[in-house]
Amino acid sequence: MSENSRPSGFPEYGPHQVNPEWPPPPAYAPPASGPEPEPEPESTGPAHKRSRGPAKLLVAVAIVAAAVGGTTAYGVQELTGGSSTGVTASSAAETDVVPASLKGTVAGVAKSVSPSIVEIKAASSSGSATGSGVIVTEDGEVVTNNHVVAGASQIQVRTHDGKSYSARVVGTDSSKDLALIKLEDASGLKAATLGDSDGVQVGDQVVAIGSPEGLTGTVTSGIVSALDRDVTVSTDEDQGQQQWQRGGGWPFEFGGQEFNGDTGGSTTTYKAIQTDASLNPGNSGGALIDMNGNIIGINSAMYAPSGAESSTAGSVGLGFAIPVNTVKADLPDLRAGAGS
């Protein structure tokens, strides 16, 4: 036994020396049937020496347990997305809605998100219009544009599977061109995942889903062309209804370099995401989606050349969407019945 491994306070003996007080060893030592008893307090040094074997074993077990504990902690950390730098698991704003086998494809986005997009038909004494909406709860809350349902006396909604529902307006915010409607007696619907529009960058690929010209579930794709684009729309319900009656379905035209249109005396301007994904009358209130399947905007307007009639206007690659973070911030007020 080395000098470093011998406990202090024990007498030193040569390799052939024994303590004369030790009793002679038995001729045969049978294997112990249980744990070795604790040494008596009066025991001399050699008795303590015999207990060193279990002590070493306990130390070894403690070391192994510490190693296993560290490995277990690492495994949990990996499974939950944690790290030693404090990074937490992905939030809902970063959810991958699209299956891994279809990740990054327009087909994958369309398949995953289309069940969360609805067609809206709104009627009033002035006429009727077709728009789109995004399901935000399983029991039938749907976000759309204010101009889609403004002044409507009757609203019908058709879901991706062909079912039709009557709907009522819960709340509106004309200053942001947003509205929340509620489907009657709806349940088990697929709610969309609302992303984070603050993370959107120019050049990002996007997909638009809506019901242009009443063609339910139409999918187009493109990129984000610009951010924080000023878009001006009317807050006058009569103005929107009159343009519906002229055959539009998209109540506002946009002319001029700033993409602001002559929309009547009462208007509002908001910051929008610009996209070259094809948008046409009827896409209003539909979804602008990133390639992970997260909603990043609510499509609200398109550019039409100056003097073009709403009925003849088509996509020229200049569409605009309300950022989804604006929608999320406004939802509590809409649910409380703001503007209705």
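In which strand does Ser 132 lie? Ser 132 belongs to strand β2, which spans residues 127-135; helices (H or I, at least four residues) and strands (E, at least two) are DSSP runs, numbered from the N terminus. The structure is a predicted model, in which local features need pLDDT of at least 70, side-chain atom pairs count only at pLDDT 80 or more, and totals for chains, interfaces and linings use all residues. Residues are numbered from 1 along each chain as its sequence is written, and side-chain values use heavy atoms, with hydrogens and water left out.

The pLDDT, the predictor's confidence in each residue from 0 to 100, has a mean of 73 for the protein chain, with 59% of residues reaching 70 or more. Over residues 55-93 the pLDDT falls below 50, and this stretch has 14 contacts in the model beyond near neighbours in sequence; a contact means heavy atoms within 4.5 Å. The pLDDT is also below 50 over residues 238-264, where 86 such contacts are found. Where pLDDT is low, the predicted coordinates should not be read in detail.

Six strands close into a barrel with antiparallel pairing, in the order β1-β2-β3-β6-β5-β4; two strands pair if DSSP finds at least two bridges between them. Neighbouring strands of this sheet are turned against each other by 40 degrees on average, direction ignored. Strand β2 runs antiparallel to β3 (residues 141-144) and is joined to it by two bridges. Opposite Val 143 of β3 stands Val 134. Helix α6 packs on the sheet, where it touches β3, β5 (164-173) and β6 (178-183), and its direction makes about 55 degrees with that of β6. Axes are lines fitted to C-alpha atoms, for helices over the stretch in contact, and angles run from 0 to 180 degrees between N-to-C directions.

The largest nonpolar core has 31 residues, and Val 143 and Ile 295 have the most contacts inside it. Such a core is a set of buried Ala, Val, Leu, Ile, Met, Phe, Trp, Tyr and Cys residues joined through side-chain atoms within 4.5 Å. Its largest share, four residues, comes from α6 (residues 324-335). Among the residues that Val 143 touches are Leu 178, Val 327 and Leu 331.

Ser 132 is buried, with a relative accessible area of 0%; buried means under 20%, exposed over 50% and partly exposed in between (1.4 Å probe, protein chains only). A polar atom of the Ser 132 side chain lies 2.9 Å from the backbone nitrogen of Ser 211. Residues touched by Ser 132 include Val 118, Thr 144 and Gly 285.

Technical notes
Polar contact = N/O pair within 3.5 Å; in protein donor to acceptor, adjacent residues only side chain to side chain. Lists of a residue's contacts leave out its neighbours within four places in sequence.
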